[in-house]
Amino acid sequence: MTGRVTVQSERGVSTIVLDRPDHKNALTNEMIGQLTAGLDQASRDEEARVVVLRGAGKDFCTGLDLDEFYRSAEATEAEHRREADQIAGVLLRLMQLRRPTVALVQGRALGIGATLAAACDLVVASDGSTFAFPEVTYGFVPAFAAAILPRLIGERAAFELLLTGRTLRATEARALGLVSRLVADEGFDAVTASVIRHLGAGTVETFETMKHTFRELEGKSLEEALAIGAAWNARARASEAFRDAARQFFSMA
């Protein structure tokens, strides 16, 4: 089985599934291309309020398919760059989607799999899940994780994880800030469905503003951050979504 990436849309939720459970959802180049197309499809879905990324079977994603990866060792740097750019494009799409993105992690999230989860806005993980960035143990630099992880957990914690490649249990991943919420293995689907349903109650415009604001605030001083916040606050209060909410509020008074 070469694996595939499927996209399912239902009740305002676009769910992207990494479907290669017999290989722990390790990604082939073909699957990365399908994931790119799936994210583009989700971004065009006007009914989708939330985009969910999950793996089929017991694991989220154990990284790149190593057999295919090492078979490319004799390729030219230009050929490697094309494949690397495709992975970078997937991560950028995840981070720039207008809708909130949620990684539902059960089992193992390793290497680029863990990086895919980190690129999502929220990571909801089962308490039995594990995370690792083990690229160094394969003689490889975890460059994509190095671009994303320090923004989430700080430079020192990120450097230690990427330098050692050690495995994080879900509780430590939560404590570091890599995981947004822990859910018991038993009842995982029911609880995550509730989380997603609550996210789906918001508007696309609100989520887009939230994501844009968070990105714009990165690295700003307190004074700059408050000025940016004031500008976005004023825009939100002048929006049609806010007017609709106000009308609904007074209609119930």
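Are Arg 20 and Asp 65 buried or exposed? Both residues are buried, a class that covers relative accessible areas under 20%, with exposed meaning over 50% and partly exposed in between (1.4 Å probe, protein chains only). The model is predicted, so local features need pLDDT of at least 70 and side-chain atom pairs count only at pLDDT 80 or more, while totals for chains, interfaces and linings use all residues. Residues are numbered from 1 along each chain as its sequence is written, and side-chain values use heavy atoms, with hydrogens and water left out.

Helices (H or I, at least four residues) and strands (E, at least two) are DSSP runs, numbered from the N terminus. An open sheet is formed by six strands in the order 1-2-3-4-6-9, with mixed pairing; two strands pair if DSSP finds at least two bridges between them. Strand 1 (4–10) and strand 9 (181–183) stand at the edges with a single partner strand each, so one side of each has no neighbour in the sheet. From one strand to the next, the twist averages 20°, where axes are lines fitted to C-alpha atoms, for helices over the stretch in contact, and angles run from 0 to 180 degrees between N-to-C directions. Strands of a sheet pair through backbone hydrogen bonds, either parallel or antiparallel. Strands 2 and 3 run parallel and are joined by six bridges. Opposite Thr 15 stands Val 52 in strand 3.

The structure holds twelve salt bridges, each defined as a side-chain nitrogen of Lys or Arg within 4 Å of a carboxyl oxygen of Asp or Glu. One of them links Arg 20 with Asp 65, and the closest N and O atoms are 2.8 Å apart. Arg 20 lies in the loop between strand 2 (13–19) and helix 1 (29–44), and Asp 65 in the loop between strand 3 (50–55) and helix 2 (66–71), so this pair ties together parts that are 45 residues apart in sequence.

A salt bridge also joins Asp 59 to Arg 108, with the closest N and O atoms 3.1 Å apart. Asp 59 lies in the loop between strand 3 and helix 2, whereas Arg 108 belongs to strand 5 (residues 108–110), so the pair ties together parts that are 49 residues apart in sequence. Asp 59 counts as buried at 10% relative accessibility, and Arg 108 counts as partly exposed at 32%.

In helix 3 (residues 77–96), Asp 85 and Arg 81 are four residues apart, a separation of about one helical turn. These two residues form a salt bridge whose closest N and O atoms are 2.8 Å apart. Asp 85 is partly exposed, at 41% relative accessible area, and Arg 81 is exposed, at 53%. Gly 89 also lies in helix 3 and is buried, with a relative accessible area of 15%. Elsewhere, a network of salt bridges links Glu 240, Arg 243, Asp 244 and Arg 247.

Glu 135 is located in the loop between strand 7 (130–132) and helix 5 (143–153). This residue is buried yet has no salt bridge, and the nearest side chain of opposite charge, Arg 166, is 13 Å away. Apart from neighbours within four places in sequence, Glu 135 is in contact (heavy atoms within 4.5 Å) with Gly 111, Ile 112, Phe 140, Val 141 and Pro 142.

Notes:
Lys and Arg count as positive and Asp and Glu as negative; His and the chain ends are not counted.
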